[in-house]
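Hi,

Here is the structure I promised to pass on. Have a look at it first, then read my notes below.

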Amino acid sequence: MEDVDRKTKLDRLDRHILSLLQEDASLSNAEISERVGLSPNACWRRTRRLEEQRIIRCRVALLNAEALGLKVTVFVGIRTNEHNEQWLKRFAAGVNRIPEVVEFYRMSGDIDYMLKIVARDIEDYDRVYKQLIAVAPLHDVSSSFAMERIKSTTALPMPG
């Protein structure tokens, strides 16, 4: 994705609006406008522009995984001997059908793909693992279980 600042110059007010929405997307336009010192109409126009430019991709509710019984977070490194578009399309489509995979990256270095998986427990992860290895031929699958979450945020740093 093209650097947003090259396409759109974000000023102090835009960054403040974005910071507030990253903290709490349920804030009303009136609350945001008051906090940033803009009229409600000017604030709405800025927010709308940020949405149209896809700087704001969507607004969501962040759920508590543990409260939903999802107590295990697993980072899975995958290596493959296949490096062609057909294999990647098959693999990506299969991984995208597994709801427990909440993040999926193509990597540089020793690992070809990295997945973040949430599961109820080790047995539940084993079920997901079996789905994963059935998707496409894999060379190596390495699972690392998170012992403690020290920092977890969806908030991006505001360019400055």
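Let's start with a term you'll need for the side chains: a residue is buried if its relative accessible area is under 20%, exposed if over 50%, and partly exposed in between (1.4 Å probe, protein chains only). By that rule R127, at 34% relative accessibility, is partly exposed.

Two notes on where the values come from. This is a predicted model, in which local features need pLDDT of at least 70 and side-chain atom pairs count only at pLDDT 80 or more, while totals for chains, interfaces and linings use all residues. Residues are numbered from 1 along each chain as its sequence is written, and side-chain values use heavy atoms, with hydrogens and water left out.

Now the salt bridges. The term means a side-chain nitrogen of Lys or Arg within 4 Å of a carboxyl oxygen of Asp or Glu. How many salt bridges does a search of the whole structure find? The search gives 13.

Is E100 buried or exposed? With 15% relative accessibility, E100 counts as buried.

Helix 6 also holds K130 and D126, whose four-residue spacing is about one helical turn. Their closest N and O atoms are 3.2 Å apart, in a salt bridge. K130 is exposed at 52% relative accessibility, and D126 is partly exposed at 32%.

Over in helix 4 (residues 40-52), R48 and E52 are likewise four residues apart, about one turn of the helix. Their side chains form a salt bridge of 3.5 Å, N to O. R48 comes out as partly exposed, at 36% relative accessibility, and E52 as exposed, at 53%. There is also a network of salt bridges, and it links D11, D14, R46 and R49.

On to the helix packing. Two packed helices are described by the angle between their axes and the distance between the axes. The axes are lines fitted to C-alpha atoms, for helices over the stretch in contact, and angles run from 0 to 180 degrees between N-to-C directions. Angles under 35 degrees count as roughly parallel, over 145 as roughly antiparallel, 65 to 115 as roughly perpendicular and the rest as oblique.

Helix 2 and helix 4 pack at about 75°, their axes 11 Å apart. That makes the two helices roughly perpendicular. Contact (heavy atoms within 4.5 Å) involves L13, D14, I17, L18 and L21 of helix 2 and C43, R46, T47, R49 and L50 of helix 4.

Helix 2 (residues 12-23) also comes within 10 Å of helix 3 (residues 29-36), axis to axis, and the crossing is at roughly 130°. These two helices are therefore oblique to each other. On the helix 2 side, L13, H16, I17, L20 and L21 meet I32, R35 and V36 of helix 3.

Last, find E103 in strand 2. Leaving out residues up to four places away in sequence, E103 touches M114, L115 and K116. E103 is partly exposed, at 29% relative accessibility.
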